[in-house]
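Thanks for coming, everyone. Please have the sequence and the model open while I talk.

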Amino acid sequence: MKYTVSFEEIIWFDSSCRNDREMASYNQGCLILVGILVTLSLPYSHAFWGNENKIQTAVFVSPKFVLGPGSVENRFYYNVNFPKGHIAVKSFDAEVIDEAGNPIPLHETYLHHWVVIRYYVRKGVEISEFDNPRKFNESDYISGRNSGICQNLGQFFGLGSETRKTSTHVPNPYGIEVGNPAEIPSGFEEQWMLNVHAIDTRGAEDKLGCTECRCDLYNITVDEYGRPLRPDYKGGLLCCYDHTQCKVKHGFEAVRRTLYLRYTVKWVDMDRSVLPVKIYIFDITDSWKRSRSSTGIIAEHECKVEYDIESCDATGMGDDGCIDTRRISLDMPFGGYLIYGVAHQHSGGTGSALYREDGQLMCSSLPTYGEGEEPGNEAGYIVGMTTCYPKPGTVEISKGETLILESNYSRIRHHTGVMGLFYILVADKLPKPMQALHTVVQTQDSIMVVTILWAAVALIGVVAVIVVAVHYRLKSEGEDGYEAIGM
């Protein structure tokens, strides 16, 4: 809701102004009044906000990776390009491209996931793009993970096939703070790691099976470290690691091609006008438990990241409408205000949501499936996830509160290695002074309208008093003048 004064009303006031010398002061009063009305007719953001912190943009590309039909890329690139300085990230978007910069469709190269992780490295220690973190000296390397809650999901940014049509924008006046000198350990510097997991499905016997990393299609029985897989493990990340090969149709041939992940970062310089948000990631497979420590009761989280979906019974329809619904309760180790939320699901996903313990919906995220062949609209693939942006201050999370995470998948067919993650951004506090005024306008319009109207009435009253006083004085001076002329 926005209170506005129509331009017809402004014109009416303006036309009532006089042109004769006697009413010059009245005209001035009218102009002041017109100015007040014009100000009131502006949207609040225009009337009360100053210049915004300028958004900067940079586009980077990952190191190249080469894929042929059925092959897999799952590499970790260290010390990748990232904006420098103490900044607040406003968005982070990515997509797979070829050497000419052309976007590659999912039905040719499936982007299983990409994630960007922060870390700190001791100054003077060189880390190449392809270093293995297992080789790092622990004293030279410190994790700079997000705020929680799964220890094995420390990324700051990351999505999958849905990346092209999923908003990552952080609304004003918030931002994801990085590069804060006060947070960087002494003697270390901040760097970033990029993990890209892509699968070439050109000519694949079963494209969906390849994207879901079915072990039989990859002919895999041991993980990347040579450890035997569980007999009941049918598919997932353990079967589509770097340099594995999914089965392609007999006789199919296609060229190997060089690809990149192109990522676009938008940010503003960090200052007092920007409020930092914290990143939390929930996982539907989290089999957490409470335990007692010297500091009290703590939660131990075990996030398995992926799980399988069993198909419906032989009739093709189960009592649940052929939908697999999983729900877990999570105790919040933090408090704050929910600013943004989005889920990450794989093909077959039908949506995810976050609820309060009493069933109140806090945030939901639904998949968008493609309907064509062009990049961003590939039929059968999730090409986007809806996001939620609660009005500032309307969704507060209390420390210790129990929330419910829900993830839904279709059970029409069997799925392996699916995910049910939920990303949220949380602010510790709401905007203050001028920023708070903007928030109040958005959430308490009626209060602000009344305040503005009373202010306008007061100003109009002052103008009226001035007009009457000056008008009386001019009239008196005019009468004295006529008597002098008549003598």
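I'll cover cavities, then salt bridges.

A word on ground rules. This is a predicted model, so local features need pLDDT of at least 70, side-chain atom pairs count only at pLDDT 80 or more, and totals for chains, interfaces and linings use all residues. Residues are numbered from 1 along each chain as its sequence is written, and side-chain values use heavy atoms, with hydrogens and water left out.

Cavities. How many of 30 Å³ or more does the structure hold? Two. A cavity here is a set of points, on a 1 Å grid over the protein atoms alone, where a 1.4 Å probe fits but cannot get out; lining residues have an atom within 4 Å of a point. Points are joined across faces, edges and corners, and the volume is the space filled by probe spheres set on them.

The largest cavity has a volume of about 210 Å³. It is lined by 17 residues. Nearest its centre lie Phe156, Phe157, Thr168, Tyr340 and Tyr423. Elements giving two or more residues to that lining are β4 (87-98), β7 (157-159), β16 (336-345) and β24 (415-427). Strands are DSSP runs (E, at least two residues), numbered from the N terminus. β4 gives the largest share, four residues. By class, the lining has 13 nonpolar, three polar and one charged. Nonpolar means Ala, Val, Leu, Ile, Met, Phe, Trp, Tyr, Cys and Pro; charged means Asp, Glu, Lys and Arg; the others, Gly among them, are polar.

The second largest cavity has a volume of about 50 Å³. Its lining includes Glu95, Ser161, Thr163 and Arg164. β4 and β5 (109-122) each supply at least two residues. The classes are four nonpolar, three polar and two charged.

Now salt bridges: a side-chain nitrogen of Lys or Arg within 4 Å of a carboxyl oxygen of Asp or Glu. The structure holds 17. Look at Arg164 and Glu95, with closest N and O atoms 2.7 Å apart. Arg164 lies in the loop between β7 and β8 (174-178) and Glu95 in strand β4, so the pair ties together parts 69 residues apart in sequence.

Which is buried, and which partly exposed? Buried means under 20% relative accessible area, exposed over 50%, partly exposed in between (1.4 Å probe, protein chains only). Glu95, at 17%, counts as buried. Arg164, at 26%, counts as partly exposed.

Glu95 also meets Arg262 in a salt bridge, again 2.7 Å, N to O. Arg262 lies in strand β10 (residues 257-269) and Glu95 in β4, so this pair ties together parts 167 residues apart in sequence. Glu95, Arg164, Arg262 and Glu378 are linked in a network of salt bridges.

How values were computed. On a 1 Å grid over the protein atoms alone, a cavity is a set of points where a 1.4 Å probe fits but cannot get out, and a pocket is an open set with protein on both sides within 12 Å along at least five of seven lines; lining residues have an atom within 4 Å of a point.
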